[in-house]
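This report describes one protein model for a reader who has not seen it before. The sequence and structure come next, followed by the text.

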Amino acid sequence: MDHFNYRGGELLAEDVPLARIAQQVGTPFYCYSTATLRRHYRVLSEALGKTNHRIYYAVKANSNIAVIRTLGEMGAGADVVSEGELRRAQAAGIPSDRIVFEGPGKTRAELAYALSADIHQFNIESDAELLALDDVARGWGVVAPIAVRVNPNVEAHPDDPHELDGIATGRKRDKFGILWPAARATYRAAAGMSGVKVVGVAMHIGSQITDTKPFSQAFAKLREIVETLRADGHDIQRVDLGGGLGVPYTNETPPSPADYARAVLRETGKLDCELAFQPGRMLVANAGVLVTRVTYEKDAEGIRIVMVDAAMNDLVRPAMYKAVHTIVPVRADSGKPRPADVVGPICESSDRFAKDWPLPPLSPGDLLAMRTAGAYGASMASNYNTRLLVPEVLVNGSEFAVIRPRQTYESLLAGEALPPWLAKTPGVG
Ligand code: LLP
């Protein structure tokens with residue numbers, strides 16, 4: 001459920017008409033709903049009930065500082081995968097004891113920065129990384145709390161393994177974590193190191209998971225692993241269950257947070273551990289839309305092509321993963337819908353948001369909203385075709401604020417420089 005609804009024939013974000021925001025900030029723009037962010041956090045947190053747990057929001061899904069802070073105010077910590085994300089979490093005011101650092105290729109410099117920030121936990125993904133962290137921590141005279149990310153070799157999307165291949169992370173062939181039982185030796189090695197302290201086990205099997213079965217399989221493995229590690233003498237106090245809960249983009253039916261929580265508690269409820277979760281998409285996806293304007297329409301021998309001013313650099317998911325985002329007109333129209341290909345202006349055919357998507361008659365200047373764009377939308381945007389990063393707007397009831405202005409051409413070009421041998425020449429004219 002989200003807070004983007006039609007009232008009086010037009011689409012609103014909470015109590016603010018999207019058309020009003022478009023008038024003020026121009027198009028395209030991302031718009032997020034505070035009430036939806038809060039609602040999703042609350043639903044998950046209530047489903048987990050009184051179990052000893054913390055939700056570490058996966059900042060990669062939407063890394064705007066205002067979004068991180070909105071969730072932080074609800075009690076969320078941050079799951080970060082780079083020094084940049086760690087700095088964003090800090091800028092949003094997330095306390096260091098609520099930050100977990102994840103990712104398969106953390107550099108020594110990043111590890112050092114995170115150690116200086118005194119974060120809650122490092123999730124280790126290889127033996128080589130463990131050695132590096134131990135070394136850096138000893139150099140600083142500190143001890144890093146670690147969980148080892150165990151790869152359970154579970155298929156996250158059993159019904160759709162090919163389509164979603166790029167976002168599965170818990171199979172043998174994926175680059176993530178350390179396979180079990182090899183991880184047992186990693187724990188043994190860690191126990192003998194003075195720069196790290198073993199505190200837990202971590203797992204994350206993939207994203208946009210729409211079935212409870214893979215979660216149950218992974219969590220059951222996790223329980224066995226905790227029991228084995230404890231029998232080996234390790235003090236396992238924390239279990240990090242990752243993120244991955246899917247959301248409905250069109251007609252998907254992901255497990256509800258309550259179903260998910262039941263699977264978690266069935267497998268890990270008796271472990272007497274602090275449970276950690278790293279949801280990204282389920283918290284922010286439906287809390288955001290990308291609003292774009294129709295520029296032109298043309299007909300190609302019966303194929304209706306609707307050109308909009310947003311492009312794959314603003315929302316890359318359709319081009320990159322063949323993802324389908326529901327597209328709706330901002331002004332509800334009674335006109336009969338006809339299939340349309342909704343495309344952007346970038347010079348490649350993959351710059352297409354939808355194929356044969358039903359849309360009413362449209363005119364240049366009309367607004368469309370691409371839904372479920374709050375996750376992996378703005379955070380994956382680029383400057384491809386030297387297009388400016390678009391504004392992000394946060395709505396809260398009847399008020400709204402620009403939480404990132406549209407980039408300017410000046411700032412975009414300012415970062416580049418001519419090398420001395422070119423700067424000296426009079427020009428190319
Ligand atoms: N924890 C770890 C270690 C992760 O790698 C991820 C996502 C998450 C948590 C959050 O997963 P979520 O709850 O959002 O599913 N760009 C892709 C999704 C990539 C997900 C990468 N890892 C997309 O647009 O579908």
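Cysteine 273 has a relative accessible area of 8%, so it is buried; buried means under 20% relative accessible area, exposed over 50%, and partly exposed in between (1.4 Å probe, protein chains only). Cysteine 347, at 69% relative accessibility, counts as exposed. The structure holds zero disulfides, a disulfide being a pair of cysteine sulfur atoms within 2.5 Å.

The model is predicted: local features need pLDDT of at least 70 and side-chain atom pairs count only at pLDDT 80 or more, while totals for chains, interfaces and linings use all residues. Residues are numbered from 1 along each chain as its sequence is written, and side-chain values use heavy atoms, with hydrogens and water left out.

**Overall form**

The protein chain has 13 helices and 21 strands; these are DSSP runs numbered from the N terminus, helices being H or I with at least four residues and strands E with at least two. Its C-alpha trace spans about 70 × 60 × 40 Å along the principal axes. Of the 429 residues in the protein chain, 54% are buried. Among contacts with a separation of 6 or more, 69% are between residues 24 or more positions apart, where contact means heavy atoms within 4.5 Å.

**Arginine 338**

Strand β17 (residues 338–343) contains arginine 338. This arginine 338 is partly exposed, with 44% relative accessibility. Beyond its neighbours within four places in sequence, arginine 338 is in contact with Glu297, Arg304, Trp357, Pro358 and Leu359. Valine 294 is 44 residues from arginine 338 in sequence, and their C-alpha atoms are 15 Å apart in space.

**Backbone features in loops**

| Cis peptide bond | Omega | Loop holding the proline |
|---|---|---|
| threonine 27 to proline 28 | near -10° | between α1 (18–25) and β4 (29–33) |
| tryptophan 180 to proline 181 | about 15° | between β10 (178–179) and α7 (182–191) |

Which residue has a positive phi of about 50° although it is not a glycine? That residue is glutamate 14, found in the loop between β2 (10–13) and β3 (16–17). Glutamate 14 is buried, at 11% relative accessibility. Threonine 372 is not a glycine either, and has a positive phi of about 55°. The loop between β19 (367–370) and β20 (392–396) holds threonine 372, and a relative accessible area of 5% makes threonine 372 buried.
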